[in-house]
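This report describes aromatic pairs, nonpolar cores and pockets in one model, in that order.

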Amino acid sequence: MKELEFFLAQLPIAQYVFFKTDELTFSDRVRKICEEECPRYAKSWACPPGVGSVEACKAKCLSYPEGLMLLTLTEVDDISDMEQTLATRTPHEKLTHQVAEKMRSLGFEVYGLSTESCALCQRCTYPHAPCKRSEQMFPCVESHGILITALLERYNIDYLYGNQVVTWVSLLLYK
């Protein structure tokens, strides 16, 4: 763990927290938002219904007893400009993959959840064929029905910084 924490201290992470996965709050309401508001719903193995039911996602998450939550912050002109806001996601995703790889090199088995509906392939095989890159794919936190604000609030982590700062959050669950 000391080697991992030393590694984390070298990265542009605003904050990180180690937690127990039984502290996660799962809700079908979070999944309903995916279904009703996200244009990626039913278009990717990283999104519902491709990731499975909320209950199946919960069981998978809880099979990893520990978690690491990573937060990065990015400045934008206007957070309501979704194109500009989403364009800032790539560095966070790269950082999340970097930390996951470091954890794997230290012997951890890692299951990552992040901010994307997966952009690894130019065209997703969903639902006609299995995912080609399932080991590299990080489904979206919300796709699993996780109420991320509950975990942020449990650890007194600020995540709202006004109209010019985007807060990106990833979870790396491990054993």
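A search of the whole structure finds 4 aromatic pairs, where rings of Phe, Tyr and Trp (its six-membered ring) pair if their centres lie within 6.5 Å, and planes under 30 degrees apart count as stacked, over 60 as edge-to-face and the rest as tilted. One of them joins tryptophan 45 and tyrosine 126, whose ring centres are 4.8 Å apart with planes at 85°, so this pair is edge-to-face. Tryptophan 45 is in the loop between H2 and H3 and tyrosine 126 in the loop between S3 and H6, so the pair ties together parts 81 residues apart in sequence. Helices (H or I, at least four residues) and strands (E, at least two) are DSSP runs, numbered from the N terminus.

The model is predicted: local features need pLDDT of at least 70 and side-chain atom pairs count only at pLDDT 80 or more, while totals for chains, interfaces and linings use all residues. Residues are numbered from 1 along each chain as its sequence is written, and side-chain values use heavy atoms, with hydrogens and water left out.

Tryptophan 45 is partly exposed, with a relative accessible area of 23%, and tyrosine 126 is buried at 16%. Buried means under 20% relative accessible area, exposed over 50%, and partly exposed in between (1.4 Å probe, protein chains only).

Phenylalanine 108 and tyrosine 174 also form an edge-to-face pair, at 5.1 Å centre to centre and 80° between the planes. Phenylalanine 108 lies in the loop between helix H5 (89-105) and S3 and tyrosine 174 in strand S4, so this pair ties together parts 66 residues apart in sequence. Both phenylalanine 108 and tyrosine 174 are buried.

The largest nonpolar core has 20 residues, and those with the most contacts inside it are Met69, Leu113, Ile146, Ile148, Leu171 and Leu173. Such a core is a set of buried Ala, Val, Leu, Ile, Met, Phe, Trp, Tyr and Cys residues joined through side-chain atoms within 4.5 Å. At least two residues of this core come from each of strand S1 (15-20), H3, strand S2 (66-75), S3, H6 and S4. Leaving aside neighbours within four places in sequence, isoleucine 146 is in contact (heavy atoms within 4.5 Å) with Leu24, Thr25, Phe26, Val30, Cys61, Leu113, Val141 and Leu171.

Threonine 21 is in the loop between S1 and H2 and is buried, with a relative accessible area of 2%. Not counting residues up to four places away in sequence, threonine 21 touches Cys61, Leu62, Tyr64, Pro65, Glu66, Gly67 and Leu173.

The pockets come last. On a 1 Å grid over the protein atoms alone, a pocket is an open set of points where a 1.4 Å probe fits, with protein on both sides within 12 Å along at least five of seven lines; lining residues have an atom within 4 Å of a point. Grid points are joined across faces, edges and corners, and a volume is the space filled by probe spheres set on the points.

| Largest | about 1,200 Å³ | Met82, Thr115, Cys140, Glu142 and Trp168 |

S4 gives the most to the lining of the largest pocket, with 5 residues. Helix H3 (54-62) and strand S3 (110-113) each supply at least two lining residues of the second largest pocket.
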